Structures are given as structure tokens and as C-alpha cells.
Amino acid sequence: IDKRNNVHIFQLRKLYYNKKNIYNNEHFNKLFDANIKKFKKTIKGNHLNKSLNYFSLMSDWNPAEMIGLLPKNLSYDLYNFLITSKTWSKQRSDYGGDIKINTPLMTKILGRPFIDVSASLRSFIPANLQTNLKNKILKSYLKILKNTNSLHDKIEFDVAFTCWTPDSNKEIFNRLHKFGLSINETNTFSDDLRKMTITYLSKKHNFIKKIKKLNEKRIKTLESKKNNNLENFFILLRDCRNYGILPFAHAARYAFIAQSILIYFIRKKIITQERYDAFMSSIETISTDLIIDKEKYTKKLLPKNDLIKKYGHLREGTYEITKNSYSENPENYLFEKNYEKYNRNKFQFNKQEISKISHIGKKYYDLEFNKFIDFIVSSIKERENYKFEFTKNIDLAFKILIKWSKSKKIKRSLLSYSS
């Protein structure tokens, strides 16, 4: 469709349909009109002087990848309950961002899960900044997206400044000065971003320790004889949100900060891109453990049931109940013949790298070299490990719902459409 609303057709194909299916056009039109009204209402930027807002399928928690472009009801509602209705804003508020807890991040328009980009961007701006400056920064971010809409899936790297590194002042000025941010405003923004980041780093243990309670609560729920199956379904998901997803959200933020520091090292030529890649590949996560355990199984060093017990709760579509878990199809996911072999990559920083990194750690982050590197490594590992843990609750909740549906003679495929 061009600017004059002329329709240009490039390809025609025969459309096959089942004549038995009769569609209610009136019902469809009502739903379509309701979605258009909803879109017009939400697009008017509730976060910044009624300025135009943006909605994206891939920004911030990336629903397009996690639940798909057209998620079914249960998948969408589950993702919304666990993450985008509350947890995301709680984590950003804990971080020090300018966001009210319970601010919704995701909305469904014509069946697609869109992220409120304005709310996302605002959540990364330090709350302690003056309102006029916060608004100016947000407007600058939105203008960047307007000029280059291909950046919707790169917001945290190429649009917003979400954490501080020693060259943030320069980077902020280079990116935002053309949108009217003065030198003084740049300095103020950079200073508050530094305070927010350093304060957050000092609270790491407090924010992620809740994950330790998740397994304990999961066992307690399953052993309890007070609750029926459906009650356990909701308890498992609530505990997953509070004791699994929230610590994971914090772990993911710490991992992003760690990665940002490493990218800063590349910018300052402290390490090369090749050294960065080698360092990252040397970090062993739960994915590494799976590869190693598969090798142990093939060498008969690990029993089949142990492998299933450890990894059986995983599934390709974490939030989609119709997708088989690894335990439901172990031959395909755990015992495939052509699995990836693990090559252990040892990494050591050289003397020159250690000297420069030590200087940065002490001067800017108040951390000795070993503690500085330990923060980076542990943050990246914890992000993967915490996801591994909270998905256990989702898998158990799905098993409970599937068992209940069988007792009611409801097909598993239909559970996807429940909400």
C-alpha cells in the first residue's frame, strides 16, 4: 500500500479453505474495532506529555522470541503474570530506574505481544534525576528509534544507557548531544547513572538470594496434602514469579552490567574482540553442564535416569504447554546421537591485561582484580543457572494442569487456549 493508499499486488496464490468453517464477520469486526481503539489509546504515550509512543515485538524481555509472534492464550497470560505485569518493573525499581511498580510492559494487539517501548526506556533512566532532564533523555531515545527503527532489538546497546562504565560521559554526549543534551546535563546524567550502577552492585547478594528459597518452597508445595492439584498449579507459578523470576531478572541485569564492562575493555583496547570471545567461551554455565553430562552418559559414566532427572524439566517453548519437555521425549533432546561435543577452553588474562583491569577495578568499582573478575564470571553464570531453576516450577505446574485436564477429559492441545 503506497502513500496514496493504492494497493500493489506482487504475487497471487490460490486460497484453499474448508467450506464447513463459517466465520462470523460481525464478531470479527467487533474484535478488530476494539483492538484498533485499544491501540490508539495506548499509542498516545502515557509516559511523557502525551508524546507519541512506540510498541515493539522484540524490545525488553523479547516476547517475539520467548512466546512467539502469535502466542496462544495460556502462553501469553503466563508470560504476562510471571514477568511483564509486575516483576520487570519491580526489578527496575530496585535498580533505581524511573518506573512505578506494577507498570505493565506488554500489551496484546490483534493477537500479537507488543512491548511498551516508552515504559521500557524510562525504566532505565535514574529516578533521582530532575523531571525535565528525564523527559529530555526519554525524548532523545524515542527520536533515535524514530530515525532508525531497526534498533528495536538493540535498545540496551545502541539506544539507551542502562548502566555506567568509565567512558559513559563521553558516550552519552556523542549519542545525545545532537538531540539537545547539554554538557552539564550529560555530566549530571552520567553521574547519576554511576551512582545507580555502583549502588546496585553493592546490593547483589540481597537481590539474588531469594532463589535459594525456590526449591524449598517447591518441595513443600508438592508434599502438602492441604491443596488440590489446581491450587498447587497457582502456588508453583506464584513462587516461580517471586522466588525465581525476580532473582533471575536481577541476575540478568548484573550479567548485562558485566558484559557492558567487558565491551568497555574492548573500546579502550584493554582486550581484543578475540580475547573477549575466548573469555566468554571459557565460562561454564548450565548449558556446558548438559553437554558434559551427555558425554558422560555415552561413556556410561552417568545413568540414563539421572540425566532425565536433572534436565527433564526443560522444553523448547518454556511457556507453551503443548511443547514436550525433555523428559517426555528424552531420545530427541538428551540421547540424540549427533550432540555437540564440549571443548574445554581455559583462559588466563596476561600481565598487561591484569594491570589495566586491576586499575579500573580499584579506581571505579572499588574491587580488587580477582573480585572484579569473579563478579563478571559469576553474574554471567547465574543468569543461566537461575533460568534453569525457575523453569522447574513451570514444568511442574504444566504437569499438574495436564493431569487435571485428563481427569476432565480435556485435550492437552486445548489447554493452550485457556486463560
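# Close-up views of a predicted model

**View 1. Aromatic pairs: tyrosine 79 meets tyrosine 319.** The count of aromatic pairs comes to 22. In one of them, tyrosine 79 and tyrosine 319 have ring centres 5.0 Å apart and planes at 80°, so this pair is edge-to-face. Tyrosine 79 belongs to helix H3 (residues 73–84), while tyrosine 319 sits in the loop between helix H15 (304–311) and helix H16 (330–333), so the pair ties together parts 240 residues apart in sequence. Tyrosine 79 counts as buried at 1% relative accessibility, and tyrosine 319 counts as buried at 3%. Please keep in mind that this is a predicted model.

**View 2. Tyrosine 326 and tyrosine 333 form a stacked pair.** Here the ring centres of tyrosine 326 and tyrosine 333 are 4.6 Å apart and the planes lie at 10°, so the pair counts as stacked. Tyrosine 326 is buried, with a relative accessible area of 15%. Tyrosine 333 also counts as buried, at 15% relative accessibility.

**View 3. Six aromatic residues in one cluster.** Look here for Trp164, Tyr264, Phe265, Tyr364, Tyr365 and Phe372, which together form one aromatic cluster.

**View 4. A salt bridge joins arginine 253 and glutamate 156.** Side chains of opposite charge can pair when their charged atoms come close. The model has 23 salt bridges by count. In the one shown here, the closest N and O atoms of arginine 253 and glutamate 156 are 2.9 Å apart. Arginine 253 is in helix H12 (residues 229–267) and glutamate 156 in helix H7 (residues 155–159), so the bridge ties together parts that are 97 residues apart in sequence. Arginine 253 is buried, with a relative accessible area of 5%, whereas glutamate 156 is partly exposed at 21%.

**View 5. Glutamate 328 takes part in a network of salt bridges.** The network links Arg315, Glu328, Asp395, Lys399 and Arg412. Glutamate 328 and arginine 412 meet in a salt bridge of 2.7 Å, N to O. Glutamate 328 lies in the loop between H15 and H16 and arginine 412 in helix H19 (residues 412–415), so this pair ties together parts 84 residues apart in sequence. Arginine 315 also forms a salt bridge with glutamate 328, with the closest N and O atoms 3.7 Å apart. Arginine 315 counts as buried at 9% relative accessibility, while glutamate 328 is partly exposed at 38% and arginine 412 is partly exposed at 22%.

**View 6. Lysines gather in a positive patch on the surface.** Lys86, Lys209, Lys210, Lys212 and Lys213 make up this patch of positive charge. One of them, lysine 212, is placed in helix H11 (residues 211–223). Lysine 212 is exposed, with a relative accessible area of 62%.

Notes
Residues are numbered from 1 along each chain as its sequence is written. This is a predicted model: local features need pLDDT of at least 70, side-chain atom pairs count only at pLDDT 80 or more; totals for chains, interfaces and linings use all residues. Side-chain values use heavy atoms; hydrogens and water are left out. Patches are made of residues with over 30% relative accessible area and no salt bridge: like charges are joined within 9 Å, nonpolar side chains (Val, Leu, Ile, Met, Phe, Trp, Tyr) within 5 Å. Accessible areas come from the Shrake-Rupley method with a 1.4 Å probe; for residues, only the protein chains shown count as cover. A salt bridge is a side-chain nitrogen of Lys or Arg within 4 Å of a carboxyl oxygen of Asp or Glu. Lys and Arg count as positive and Asp and Glu as negative; His and the chain ends are not counted. The place of a charge is taken as NZ of Lys, CZ of Arg, CG of Asp or CD of Glu. Helices (H or I, at least four residues) and strands (E, at least two) are DSSP runs, numbered from the N terminus. Buried means under 20% relative accessible area, exposed over 50%, partly exposed in between (1.4 Å probe, protein chains only). Rings of Phe, Tyr and Trp (its six-membered ring) pair if their centres lie within 6.5 Å; planes under 30 degrees apart count as stacked, over 60 as edge-to-face and the rest as tilted.
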